[in-house]
Amino acid sequence: MMCTEAPAGTAVVDGVPVDENGQPLSKNALKKLAKAAATAQKKAQKAAERVSAEEAGAAEQSETEEEEEEPPAPYGFRDVGVLMSSATPEEQQRVYCPIRSLGTPDGVASGQEVWVRGRVSRLRAGASNCFLVLRAAGQYTVQAVFFKDKATPRQSKEMISALGALTEESVLDIRGKLVQADVRSCSQANVELQIIEAVLISASLPKLPFQLLDAGRSEAEIVESEKGERPFVRVGQEQRLNSRWIDLRVPAQHAIMRAQSHVCTLFREALLKQGFTEIHTPKIIAGESEGGSGVFTTDYFGRTACLAQSPQLYKQMAIAADLERVFEIGPVFRAEKSNTRRHLCEFVGLDIEIAINLHYNEVIGVLHAMLTSIFDGLETRHAAEMAAIRAQFPSSVPRWTNEPCIVHWEEANEMLEKAVDANGQPYLDVEGKPVGAPGFEDLSTAQERLLGQLVADKYGTDLVFVDRYPRGVRPFYTMPCADDPRYTNSYDVLLRGEEICSGAQRIHDPEMLVENIKAKGASVESLQAYIDSMRYGMPPHGGGGIGLERLVFLYLGLDNVRKASMFPRDPNRCSP
């Protein structure tokens, strides 16, 4: 029997098509089966073509709807490029709300539209939404959100894409509706912004010198992480200072700068209340203004001049001019090659000078009232900044007494001579040598710290005035003690066991002053105008000078004074 090709689905036995009973199929039966198979194939092909056409039509219709039928979106994103003060008069009427005011009783009400400006602190964009956090003023954050819009799917997708492409730390304006929310990761935790308009003001490069999150961790967090397999990144001091403008965006670092500003304001307020006059003295002078400190020299039209080590000479001349009580906030320059945690070559001096009636304790009383007023103001008026700083750099509030705690040099020496540790052994310095007492030398750093600890234990205060320093360690203008010329009517102020202020009664007799200048090996000629200011009736007077950065660094318990300086200058750093 000749083999015939069987239609699809037909059983074949030994090459012969058979029916369901196993019997060979006739030629007519085979033709019918073949015709039925061909008909079924044509139907399937037509059905497939119809489905394909319907899908193509639906896609075309969808595309047409997206392109032609979406209404204008009530939201938008703009990149203004370089803002060149080209805003229209109408745009100039725009009012921006500080982020710190959102969700507060004094801020705008929920449900209203607001404009805010901030940096993109965090960003998360998905297929149908975008969440971003704006940060302003270093520590205030608010969440802003945008969701895909059913009425304008194409345009809302583009909006999400534009927002998602933003880089962290870019400066962004947002117009949004303020609504109630629970966003515990933000400072403005009870509200969020529903984005209506976003305007890119200034884009940040995508790669930062270091991550703010890394730079904002406390030492305790970093040390704890180093016990595991994935330790946190440690951002070093030099790395921070090389990109200080980034470092100062870290909440704690930012708050330190604000605290520094508050100290100046509180200093000024406290003294103005006590009848002081603010003065501004020259910073280019003919000779040294301090004894024992190096000076920066410069050419002054063919003559050598110095950058002022303090306003000392001129604030004393102000007393000769009968200004009676003066203060200054200004730069101070010291050419000392000291690479320590507490020394800078340029810092801000907080200086006072007053005419006294009978005793230099009058100056100590003014200094104590001013310092404790500053301390109290930081804790009561600027608690938010204190909290932000202590979150990264934990410290306790220093203790102080209502009246000045004064320890005479003789008592300080006795306390240090007798000091022993819990085992009855003398305290040792970092080199393993006994700290001991200074005698007629100046206090060493180790002695200052130990004395601060001993005074705190004995008198319950972290703020102490140590007076009657030896004559050999004080500047040429310092008045000697009437009862023992080996000592002086001088004082240092210690906070947490380190010096923040140095002061004294000044010599106001010109002949005594000239004698002391010569004894110290200083130039009488370069100081002639200063000496002459004493010759026409000079009231007894005294004062003191405080290093702003050192005061801030010690009050906050920081590990290095450079954290309290905006752009520190030390022997190894003159930039940025």
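A residue counts as buried when its relative accessible area is under 20%. By that cut-off C405, at 9% relative accessibility, is buried in this predicted model. C97 is buried too, with a relative accessible area of 16%.

A disulfide requires two cysteine sulfur atoms within 2.5 Å. The cysteine sulfur closest to that of C405 belongs to C501 and lies 15 Å away, so the gap is too far for a bond. For C97, the closest cysteine sulfur is in C186, at 17 Å, which is also too far for a bond. The structure as a whole holds 0 disulfides.

Salt bridges, in contrast, number 38 in the structure. Side chains of opposite charge can pair when their charged atoms come close.

The R117 pair is described first. R117 lies in strand 4, which covers residues 113–125. This arginine forms a salt bridge with D173, and the closest N and O atoms are 2.5 Å apart. The pair links distant parts of the chain: R117 sits in strand 4 and D173 in strand 7 (residues 171–180), 56 residues apart. A polar contact of 2.5 Å also joins the two side chains. D173 is buried, with a relative accessible area of 1%. R117, at 36% relative accessibility, is partly exposed.

The surroundings of R117 draw on several parts of the chain. Leaving aside residues up to four places away in sequence, R117 touches L83, Y96, I99, A136, V171, L172, D173 and I201. P98 is 19 residues from R117 in sequence, and the two C-alpha atoms are 7.8 Å apart in space.

A second salt bridge joins the side chains of K315 and E353, with an N to O distance of 3.4 Å. This pair likewise links distant parts of the chain: K315 belongs to helix 8 (residues 312–320) and E353 to strand 14 (residues 346–355), 38 residues apart. Both K315 and E353 are buried.

E498 lies in strand 18 (residues 498–505), while R342 lies in the loop between strand 13 (325–333) and strand 14, so the pair ties together parts that are 156 residues apart in sequence. E498 is buried, at 5% relative accessibility. R342 is buried as well, at 11%. This pair does not stand alone. R341, R342, E448, R449 and E498 are linked in a network of salt bridges.

Strand 11 and strand 12 (residues 303–307) run antiparallel to each other and pair over 4 bridges. Within this pairing, T298 has A305 of strand 12 as its bridge partner.

Methods: Residues numbered from 1 in each chain as written. Predicted model: local features only at pLDDT ≥ 70, side-chain atom pairs only at ≥ 80, totals over all residues. Heavy atoms only, no water. Pairing = 2+ DSSP bridges. Helix = DSSP H or I, 4+ residues; strand = E, 2+ residues; numbered from the N terminus. Buried < 20%, exposed > 50% of the residue type's maximum accessible area, 1.4 Å probe, protein only. Contact = heavy atoms within 4.5 Å. Polar contact = N/O pair within 3.5 Å; in protein donor to acceptor, adjacent residues only side chain to side chain. Salt bridge = Lys/Arg side-chain N within 4 Å of Asp/Glu carboxyl O.
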